[in-house]
Amino acid sequence: TELAREFGEWTWNESGERHANAVALERWRLGLRRGDTGASADRYSALLRLVSLITRRLVVALRESLRTAAVDWNEVPVLVAGGLSLMPEFCESLRAELAGDGRAYRLLTVADPETAVVRGGLIFSELASRSAA
């Protein structure tokens, strides 16, 4: 929505309600490359700014979850899947945000989010069954 607002990428439904044109935004996001010039460079910069904001918020939530769950692992696996996580810049930004709290984070990317969700569910159920025993 932020990118749609910034670059005027809107679509309207039959009721006349305005929505971000996700198809167009995704198309240009997939076509963006480092070193682009002109309008593409502006969009690339805007996307990097938003990726940085997203990763910062993600790391705050992750650290809060680890604190709440009293997780004291020295190495924390972090699994990200699909969409923005496939951008090298996303992983770079996430690694930078994760650095500096005394833990090691192992960042894993998965191209197929459905597999990641299923695997995560299996891991969660295994951990839950161990703690219930």
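A: A polar contact is a pair of N or O atoms within 3.5 Å; within protein, one must be able to donate a hydrogen and the other to accept it, and residues adjacent in sequence count only if both atoms are side-chain atoms. The model is predicted, so local features need pLDDT of at least 70 and side-chain atom pairs count only at pLDDT 80 or more, while totals for chains, interfaces and linings use all residues. Residues are numbered from 1 along each chain as its sequence is written, and side-chain values use heavy atoms, with hydrogens and water left out.

The side chains of Thr 55 and Ser 93 make a polar contact at 2.6 Å. Thr 55 belongs to helix 3 (helices are DSSP runs of H or I, at least four residues, and strands runs of E, at least two, numbered from the N terminus). Thr 55 has a relative accessible area of 0%, so it counts as buried (under 20%; exposed is over 50%, partly exposed in between; 1.4 Å probe, protein chains only). Beyond four places in sequence, Thr 55 touches Phe 90, Ser 93, Leu 94 and Glu 97 (contact means heavy atoms within 4.5 Å).

Phe 90 and Leu 94, together with Leu 3, touch the most other members of the largest nonpolar core, which has 22 residues. Such a core is a set of buried Ala, Val, Leu, Ile, Met, Phe, Trp, Tyr and Cys residues joined through side-chain atoms within 4.5 Å. Helix 3 gives the largest share of this core, 6 residues. Leaving aside neighbours within four places in sequence, Leu 3 is in contact with Gly 8, Leu 25, Trp 28, Ala 46, Leu 47 and Leu 50.

Leu 3, Leu 25, Leu 47 and Leu 50 are also among the residues lining the second largest pocket. A pocket is an open set of points on a 1 Å grid over the protein atoms alone, where a 1.4 Å probe fits, with protein on both sides within 12 Å along at least five of seven lines; lining residues have an atom within 4 Å of a point. This pocket holds about 230 Å³, the volume being the space filled by probe spheres set on the points. Its lining divides into 8 nonpolar, 1 polar and 3 charged residues.

The largest pocket has a volume of about 780 Å³. Of its 23 lining residues, Trp 73, Val 76, Pro 77, Val 78 and Leu 79 lie nearest the centre. Helix 5 supplies the largest share of this lining, 6 residues.

Definitions and conventions
Ala, Val, Leu, Ile, Met, Phe, Trp, Tyr, Cys and Pro count as nonpolar, Asp, Glu, Lys and Arg as charged, and the others, Gly among them, as polar.
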